[in-house]
Amino acid sequence: MTQVSTELVNLTIDGVAVSVPPGTLVIRAAEQIGVQIPRFCDHPLLAPAGACRQCLVEVALPGPDGSMRQMQGPPGRMKPQASCTLVVSEGMEVRTQLTSPDIDKAQQGVMEQLLINHPLDCPVCDKGGECPLQNQAMSNGRGESRFSAQGGVKRTYPKPINISAQVLLDRERCILCARCTRFSQEIAGDPFIALIERGALQQVGIYEREPFESYFAGNTVQICPVGALTSADYRFRSRPFDLVSSPSVAEHDACGAAIRVDHRRGKVMRRLAGHDADVNEEWITDKDRYAFAYARQADRLTHPQVRDADTGELRPASWPEAFAVAARGLAGAGGSAVLTGGRLTAEDAYAYAKFARVALGTHDIDFRARPHSAEEADFLASEVVLTSHEDGGVTYADLERASVVVLAGLEPEDEAGTLFLRLRKAVKQHGTRVVSVAPYTSRGLAKLDGRLVRTAPGAEAEALRELAHDGEVALDGGGLLLVGERLAATPGALTAAAELSRTTGARLAWVPRRAGDRGAVEAGCLPTLLPGGRPAADAAARVDLATAWGVEQLPTGPGRDGDAIVAALAAGELGGLVVGGVDPDDTADPAAFREALGRARFVVQLELRATDVTPYADVVLPVAPVTDKAGTFVTWDGRTRAFEQVFANPGSLPDLRVLAGIAEELGAPLGFRTVEEVRREMAAVGPWDGERPALAGTAPAPTAGASEPAPGAMRLATWKQLVDLGSMQDGESAYRAAGRRAVARLSATDHERILGPVADGVVARVEVTGDRGSVVLPAEVADLPDGVVWLPARSVGRGVLADVASPGSTVTVKGAGE
Amino acid sequence: MSDPIETLTPVLTANWGDERSWTLEAYEAQGGYRALTKALGMAPDDIISAVKDSQLRGRGGAGFPTGMKWGFIPQDNPKPKYLVVNADESEPGTCKDIPLMMASPHTLVEGVIISAYAIRANHAFIYVRGEVLHVIRRLQRAVQEAYLAGHLGKDVHGSGYDLDLVVHAGAGAYICGEETALLDSLEGRRGQPRLRPPFPAVAGLYASPTVINNVESIASVPSIVANGPEWFSSMGTERSKGFGIFSLSGHVERPGQYEAPLGITLRRLIELAGGMRNGNALKFWTPGGSSTPLLTDEHLDVPLDFEGVGGAGSMLGTRALQIFDETVCVVRATLRWLEFYKHESCGKCTPCREGTWWLVQVLARLEKGQGTEADLDQLLDQCDNILGRSFCALADGAVSPVQSSIQYFRDEYVAHLTQGGCPFDPAASTLFAPAGARA
């Protein structure tokens, strides 16, 4: 930290001396000495509003002659000050409700006013029991309502109204504190809600043509100090005092946002943002908040199954039988590989990594259930593994200190929402500049006031190399370079990013999409990396690990990556497959993946719910969702985010326990059966302290523009939107309905060429056809390069990879009517 | 006693009776825009000094010294400076700026040019109440004429000074007369008061240094430049210098605008206005619009300057003298005012939004004779919980008529309760009531 130490300001609050940094608000200073001034509109992460007037305090300031002068108005009458907008000053004397009867009366007066038009329907309100208005009306208000006693007439509205598919508004409960509108404007950058009308009829409103479609809308429900904003998925579901709260970590992205899981009788009722100043502050994405019903869908696997030799159907089996059948099958398959998705906890990933090496005797393991490359594996081994926020790695806080942040192959609003919010804070509060190597100015980039380095898919490497000489970007040691997983699809791009970091001094961080990606790198779920960042090709590293594991030796030959495993299965070079958490439609070539599954002699699936892999599986082993097990996610900034289990569910086993069972049947025990034991072993094995491999470097492919594309042919750009059809978002319709609609984006020139000029009120549709099929979507103009079409990767059908083509490949686009 | 007419000091109103007084031709014929020529020959700081020396205090109600306000503009700030004229005259009873802009818009335009030159602003705005379309048209035409005559635009009078003046129509919200709400509205947002600091002098319109003055303040500037600060400060009282327009409305024989030195009394003004309607007795009056506490016939000889009215427990405000005679029910008048404030509360802060909502309901019941005397004390307690607690001064203005009417006419409130309704005939207080009508 390079914070300049400053003189503290000394004041007294209720006679207690307190010293705080200059610029501190009185309400915050009071918190320092444990005095809680009641408040509604105040929120520590929002700009002060001074709207609710609940936090009034009495203030006296030293005059020029040193005597104290009470702040007054009209003259002769103490004028209470809003402590949420008042900045401390030297010698200030503050009296709160605790020592000033006048202030106590003033606060009670405001509270009485707040309740005039409030329905006091606490018994049927979701907020009842955890409501700041209810609580503070008890602590700082009157017991009786003079307004109601006189038969006063409250303002009423029809209840509730939808301000989005997910968020509902009960206007008569609203106390107009403007927290929600300020959050949407200041933090999320989605000012789709605003206060409209005036006086007591003032209300939160939306523009009829722009619903409240924000990825972060759920935060407004959480910070609403009354029950005015509720979410469709939780409204009337439970009472706060019936809920048990467990701290946890969000499992949807690599950001590691702290969350609070509120559950009742073994069922998760809702999730809230947890507080972690170093990571997510107090905000989470709607995906982190609302996407949790996937674990209780009807297709959830509840018991082991094995394929009956006679009928060819899966039939229920006991755990011991399933372990034995799996072990026997793998042993006889003639070479097996392991594919894990990116959703594992670090402990489970470690178990897979050890299982592959010790039980299957292979380095054929890959966690990357997406387009990937050998260059990426090299990049991860040389630039990413073992870096962490603790030893000079990029952190969230670094975003706020950076002069410029370059994004490449990364759309943070869609792929890392928590990172996006922190980056936006950096831009708005600290003047950080954002530059994005991307095909078009996304809404997220616009909200970051970012500069687009317009880049067609495939040209990222060149664009990154040119950035080194871009005086306007002025990337130097004060800058950061954040690269996303999509860069792996462009040969040479990750090499160029590493070079750019080295030549400019800008620090580099890899921001994957999935929560388990980074942990899988650390745990060794790659053919080239063993646990603790040990290079698989390094004999010393293998010996080191074999010693730690107490095995004679580790396999020596090179391992296959995901693509090679698929190819080897298809070719019959491999016979067995252990697959966990992989959706075939996420893989680089879904058809090839399915074919490989079909060709495999023996498939063991570890999975939460039945998937497209299940019909091919010979043994299906149910595993625990994150709520049923302890675990650790490693964030993009190398932070280990451990969490404990929410539910003790004896029938729900973590992957590592299942793998241990198979390994024991294989006669190669892993040496652990519990998360606790894995954690101990991981700590004992520790990180590799030897040499890390240098990045060999990959030359970029010949420039795409070299060969003239066929008429009408365009290059495909794509990434996943935050809210899409991913299976971990199943089961929550209001959440999905509030997501962004799927559109195909084209440049204005291409739109005109293919569909004619853009006309108001007419939504033209395009058919995009690749070598795997076609999709039809409404067309939208964006500042894409000519000859590039953008599609959301997983928002329609089975997704772009299965239904259209590989990212970056050539597709044809034609009109498809209105 | 001297002829009361000699106590008048027509300056701003001097040309109102001229033929087509609103035209540039008529304005220039009586010496208009000569002060501008003189001002452009002066250093801007000298104009600020002259206005300071004149001791002109803001005519919008608060009475803040105009020259001092101009002096707060940080001239080393690299951002553009703006002059904004508050012409959002919406207070019940207040009717001085609108007649001025109607009769002599060029007085204001000339004042704007001189004032903007003094604070080194190249853009000025007149924010006019949206309901007065006829006045907006007059102003727009006057601005057009001034551009055509070279008083506005590039290189004003060949001085090298550039000024653009925009007439902006409000959309019908009383709150936009509050200066920071006015700025929000002018920027295209909903008009709601802003948090201060920063003050407009540092970060006002478009976060740039901004002076916001009332129409009458700015319109007074040409005469100060033309005749000198001593001339101006020779009028008025010790701490309230100069002249002002006193707007008499209600139950006087000749309602209208009377321009006189500050410190004149209501007794004198009623004489000028031909006495009370039908010879009725004065019951109560507002010295400066509905947001200033009521005064009664005890206060006929209070000097109408900032200190005098303040000493009587009210405020000089906008010198909007609403005169109510004995036929008027004070409870009813107060209820009408409160309905106005409830309607106009912007909704931002609790005491104003909810407090006015409640006050209206209590007053409505009292007017109908429902409730008990304890309700009067509760009403005062409600006012106590609003006054000084709100975000801006709107709510302070709203409680003024309640508190002052109970202070002076508590018996009348009680009479409503004991009689089970209003003891007055509402028709008797109307302006079309026949002479001799009695409550």
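1. B:Tyr27 is a residue of helix α1 of chain B, which covers residues 24–29; helices here are DSSP runs of H or I with at least four residues, strands are runs of E with at least two, and both are numbered from the N terminus. The model is predicted, so local features need pLDDT of at least 70 and side-chain atom pairs count only at pLDDT 80 or more, while totals for chains, interfaces and linings use all residues. Residues are numbered from 1 along each chain as its sequence is written, and chains are lettered from A and ligands numbered from 1 in the order in which they are written.

2. B:Tyr27 counts as buried because it has 24 C-beta neighbours inside 10 Å. The cut-offs are 20 or more other C-beta atoms within 10 Å for buried, 12 or fewer for exposed, and partly exposed in between, with C-beta atoms placed from the backbone. Beyond its neighbours within four places in sequence, B:Tyr27 is in contact with B:Asn15, B:Gly32, B:Ser104 and B:His106; contact means that the C-beta atoms, placed from the backbone, lie within 7 Å. B:Glu373 is 346 residues from B:Tyr27 in sequence, and their C-alpha atoms are 58 Å apart.

3. Chain A has 25 helices and 36 strands. Its radius of gyration is 29 Å, close to the 28 Å from the globule rule for 818 residues, so chain A is as compact as a globular protein of that length. The radius is taken over C-alpha atoms, and the rule is 2.2 Å times the number of residues to the power 0.38. The C-alpha trace of chain A spans about 95 × 60 × 55 Å along its principal axes, and 56% of the 818 residues are buried.

4. Chain A is assigned domain 1 (9–115), domain 2 (305–367 + 518–685), domain 3 (388–513) and domain 4 (709–815); such bounds come from an automatic or database domain assignment. Between the C-alpha centres of domain 1 and domain 3 of chain A the distance is 43 Å.

5. At the interface, 28 residues of chain A are in contact with 22 residues of chain B. On the chain A side, α2 (101–116) and α4 (146–149) each supply at least two residues. The most come from α2(A), with six. The chain A side divides into 14 nonpolar, nine polar and five charged residues, where Ala, Val, Leu, Ile, Met, Phe, Trp, Tyr, Cys and Pro are nonpolar, Asp, Glu, Lys and Arg are charged, and the others, Gly among them, are polar.

6. The 16 residues of α2(A) reach 23 Å from first C-alpha to last, close to the expected 22 Å; the expected span is 1.5 Å times one less than the number of residues. Its buried residues include A:Ile103, A:Val110 and A:Leu114. The buried residues of α2(A) pack against β3 (56–62), β6 (93–95), α3 (132–140) and α4 of chain A, together with α15 (350–367) of chain B.

7. In α15(B), 14 of the 18 residues are buried. Just after α15(B), B:Gly369 has a positive phi of about 80 degrees.

8. Chain A also holds an open sheet of three strands in the order β7-β8-β11, with antiparallel pairing; pairing requires at least two DSSP bridges between strands. β7 (161–162) and β11 (229–231) of chain A are at the edges, each with a single partner strand, so one side of each lacks a neighbour in the sheet. In β8(A), A:Leu168 stands opposite A:Asn162.

Technical notes:
Contact = placed C-beta atoms within 7 Å.
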